[in-house]
Number of protein chains: 2
Amino acid sequence: VSVTYPRGFRAAGVTAGLKASGRPDLGLLVADDGAAAAGAFTTNAFPAAPVILSRSHLASGRTAAVVVNSGQANAGTGPEGLDDAKTMARLTGSALGCDATEVLVCSTGVIGPRVPLDRIGSELPTAAGLLDPTGGTAFAESILTTDRAPKEATADTGPYRVGGCAKGAGMIAPRLAPLGTLLAFITTDAPATAPALQRIVAERIVPAWNGLVVDGCQSTNDTVLLLATGAAGGTAIGPEDPGVEDLAEAIGDVSVSLARRTAAEAEGASTTLVVQVEGAGTADEARGVGLAVAGSPLVKTALFGADPNAGRILQAVGDAGVELDPAAFDVRLDNVPLISSGRVLEPNDTVAAAMKEPEVVLTVSVGNGSGSATVFGCDLGYEYVRINAEYRT
Amino acid sequence: VSVTYPRGFRAAGVTAGLKASGRPDLGLLVADDGAAAAGAFTTNAFPAAPVILSRSHLASGRTAAVVVNSGQANAGTGPEGLDDAKTMARLTGSALGCDATEVLVCSTGVIGPRVPLDRIGSELPTAAGLLDPTGGTAFAESILTTDRAPKEATADTGPYRVGGCAKGAGMIAPRLAPLGTLLAFITTDAPATAPALQRIVAERIVPAWNGLVVDGCQSTNDTVLLLATGAAGGTAIGPEDPGVEDLAEAIGDVSVSLARRTAAEAEGASTTLVVQVEGAGTADEARGVGLAVAGSPLVKTALFGADPNAGRILQAVGDAGVELDPAAFDVRLDNVPLISSGRVLEPNDTVAAAMKEPEVVLTVSVGNGSGSATVFGCDLGYEYVRINAEYRT
C-alpha cells in the first residue's frame, strides 16, 4: 500500500492509453484534507515542464493532490509543454474539486512527444472515482516505465506512519536540489509542517537519492515529493521540534530502502553494488568517490563478469576529483582487502566468490578525514544495452 | 612507418612475453642525436609509476629514447612500481648507451601487477639491435592492448615531416594536463625547441585528445609525447617564431586523425560519433557539451540501435553543467534538425537512414557565444560489455 499506508491519503492508478504496452499509465495521489509538502527536483538545465510547474506550486508548502503520467516525459516540448502541464493540473483540479495550484504534476517516459491531454482528460474522472485508502500499489504501478515492478516501502515511528514508492530504472543519476526520470513519493501522517518537511528533504531524502547511480544520466524529470497529512493527530512538528529527528530517520530509512531497490532493479541489472566510503574530507566528497566507483562502466562491466578487477576501482577513485594520498588508500570487499596502501592486491578465491553474490559491498577508505557516505549502483551487462538500443524504435 | 617517418628516429617492437596473447609487447623509439621533447599526462589522482617518472624526466626538455611495455600498466603498484619504472629507464639506457634520465617510460595494460623486469631486461638488447628507420609500425604494434590494429598518421608541412601513432580502446576519457591508457607518440624532424613543443602540446595536442571519450574512464597511464629531432635542418623554431603555426597545424592534424581513429576502433565500437559544438561560451565549454553527448551511455546505446533518440541528446546537454537558454538550443544530424528552439522533433526517414552510417555527425548549437569544439566518441553495444566483462578473468 506504500504511499497510502499513512492515514489521510487515497490513491488510484488507471490505463489511459499513454503507453504502447497498454499497462497502467495515469496515477492520482490525494490528501483529502490537504497535506504539507516539500520536494526536490532535477538540476538538469532542461527541466521537464511538470518540474517547472510543480516547483512553482510547491512554493505554498501545501498540496491537495499529485497527478502522474507515464509514457511521455513532457520534456523538450517547449512552451506548449508547459501549457500541457498546466492543463493536466487544471483537469485534475476539476475532477477532484480543488484548485489547479493545489495539484503537483509529474511525467515520465519518452522525451519529446507531447502528453495526450484528451486521453488524460477523459480518464481522470475514472481515476478520481477509484481513489481508495488501499490504492497505493495501483498508484505505484501506474508510474512505471522500464521498471520491473513497483518499488514500495513503509516505516513506523512512534504514532506516525511513513510510506513511499518510486519508479526509475534508467537515466538515473539524480543530483537533486532541494526546493529528478526518478520519481519518488514519500508520505506520512505525522503533523509535520512544511518547513520541517523541507529540512527532512534536504538532510535525508536528497543525500539518499543522490547516492544512487545507474547510468550517470540525470533525467530532465527527476522529482521527489514528501507529503504529510497530520492525520495521525498530535501537535505540529516544526523543523526544530524534538520529534523531527525520529520522523526524519524513518523517512530516511524509507528513502534508502527505495534507492537500494532502484539500483537492484535498474535496467538490465543483475547485481547490486553498495559502495561504503569512509575517511573522506566531507560527506559530499565521500558521495562523489562512491558515485565515481559505482558509475564507472569498467567497474560495472567487471561486476557483470564477476571479475574482482580492483585496478578499475583505483582508476575510478583517482578520477573522482578528490585529493588523495595513495599511501593511505584502502579498499575492501566484505572484509577482504582488494587495495592496501594504494597497492592493488592479487585477488583470492574468497574475493572471486563474493563477486558472484547478488549484492557486492565495497568499503573504500580515503584516509582524508571523517566524511562518509553509502552509494548504490549496479552492473552493466548485455541487457542494459538491449533495453536502451531498442527502447524507442 | 608513422613515428619514424620524420628523419632522425629509429624504432623497434619485440615480444618479451609480457602479454598472455604472445603478441609484441615491448617497444623502443630512439632519437640517435636526441630530440626536443614535451608531453601531457593523465590528471588521474593515481598516476601510474611511469607517468610520475616520465613527467620528471621531461623537465629537461630533451630525450634520447622512449621505452614502452604493454601487458602491465605499472599503476597501483606502490613505491615498488616507481622503482620498477626507474629500472626500466636504467636498463634501456644501458642497452642504448645513454643516461637513464634521457629515457621516457610508458606502460599500458592491467592495473596492479608489477612489470616483469627480468623479461624486459633480457629482451631490451634484442630490441636495440632491431632499431630501424622503418621500425615505426613495429613500435606501434608493440604498444597495443585491446586495440584492433596500430593507429598511425603522418603529415608534411614545408620541409618538415610529422608522424604519430597511438594506442587506446577502453578506459578512454583523457583529461590531459600539459607538462593518459591512452598512449600517443608524435614525432617531427622540424628543429622545434622544447618551449615551441610545449606550446603545441597545450594548444593543439591536449584539445585534440581531450575531445575524445570512449567510456568516460580516465586512465592512470595516459601519456602523449611530442618529440622533435631537427634532422630536417634549418634554423630553430621557437614558440613565437613564424614557422610555429604551420608546424602546429600539421601536428594538430595528426592528433585529430589519431583521436578520430581511436574512437572509430574503440572497444566494441561499430559507429563513430562526431559532435560539432558551436555557439558555446568558450571552447572548453563547447568541449564539455560535446563530451557530455558523446559520453552518455543512453546516446551511445541509441547510436548502437541506430535510434535517432534526440531526447537523450537534450538530457545529456542539460546535464553538462553549462548555462543554457532552451529557446536558443538546436541540434542537427547532418543538416536535418533533431531539436529546434529546445523542442525535440519527430525523426524522419532521412534521420533514420543517417543513423545507420558508420559515422554520425551531430551539430549542437548552444546559442551562448562563439566557442566551438569537435568531440569524437562511439556507440556502446554488446561487444563493449563482452570485452570488459571478460578482459581479465
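Is Asn74(B) buried or exposed? Asn74(B) is buried, because its relative accessible area is 0%; here buried means under 20% relative accessible area, exposed means over 50%, and partly exposed lies in between, with a 1.4 Å probe and protein chains only. Welcome to this structure, which is a predicted model: local features need pLDDT of at least 70, side-chain atom pairs count only at pLDDT 80 or more, and totals for chains, interfaces and linings use all residues. Residues are numbered from 1 along each chain as its sequence is written, chains are lettered from A and ligands numbered from 1 in the order in which they are written, and side-chain values use heavy atoms, with hydrogens and water left out.

## Two copies

Let us start with the pair of chains.

Helices and strands are DSSP runs numbered from the N terminus, helices being H or I with at least four residues and strands E with at least two. Between the chains, helix α8 (residues 297-304) of chain A packs on helix α11 (residues 382-390) of chain B at an angle of about 75°, with axes 7 Å apart. These axes are lines fitted to C-alpha atoms, for helices over the stretch in contact, and angles run from 0 to 180 degrees between N-to-C directions. α8(A) and α11(B) are therefore roughly perpendicular to each other; angles of 65 to 115 degrees get that name, under 35 is roughly parallel, over 145 roughly antiparallel, and the rest oblique. On the α8(A) side the contact includes Pro297(A) and Phe304(A), and on the α11(B) side it includes Tyr384(B) and Asn388(B). By class, this contact has seven nonpolar, two polar and no charged residues. Ala, Val, Leu, Ile, Met, Phe, Trp, Tyr, Cys and Pro count as nonpolar, Asp, Glu, Lys and Arg as charged, and the others, Gly among them, as polar.

## Helix pairs within chain B

| Helix pair | Distance between axes | Crossing angle |
|---|---|---|
| α5(B) and α6(B) | within 9 Å | roughly 30° |
| α1(B) and α2(B) | within 8 Å | roughly 55° |

α5(B) and α6(B) are therefore roughly parallel to each other, and α5(B) passes α6(B) in a right-handed crossing. A crossing is right-handed if the near helix is turned clockwise from the far one by less than a right angle, and left-handed if anticlockwise. Among the residues in this contact are Arg199(B) and Trp209(B) of α5(B), and Glu245(B) and Ser255(B) of α6(B). The contact has 12 nonpolar, three polar and four charged residues.

α1(B) and α2(B), in turn, are oblique to each other, and their crossing is right-handed. Here Ile52(B) and Leu53(B) are among the residues of α1(B) that meet α2(B), where Leu82(B) and Lys86(B) are among the partners. By class, the contact has seven nonpolar, two polar and one charged residues. The buried residues of helix α1 (residues 49-57) of chain B include Val51(B) and Ser54(B). The buried residues of α1(B) pack against β2, β3, α2, β4 and β9 of chain B.

## A few single residues

Back to Asn74(B), which is found in the loop between β3 (62-72) and α2 (78-96) of chain B. Asn74(B) has a positive phi of about 50° although it is not a glycine. Most residues other than glycine have a negative phi. Ser341(B), also not a glycine, has a positive phi near 50° and lies in the loop between β12 (336-340) and β13 (343-344) of chain B. Ser341(B) is partly exposed, with a relative accessible area of 31%.

Gly158(B) sits in the loop between β5 (151-157) and β6 (160-167) of chain B, and is exposed at 71% relative accessible area. Thr157(A), in strand β5 of chain A, is buried at 13%.

Conventions:
Contact = heavy atoms within 4.5 Å.
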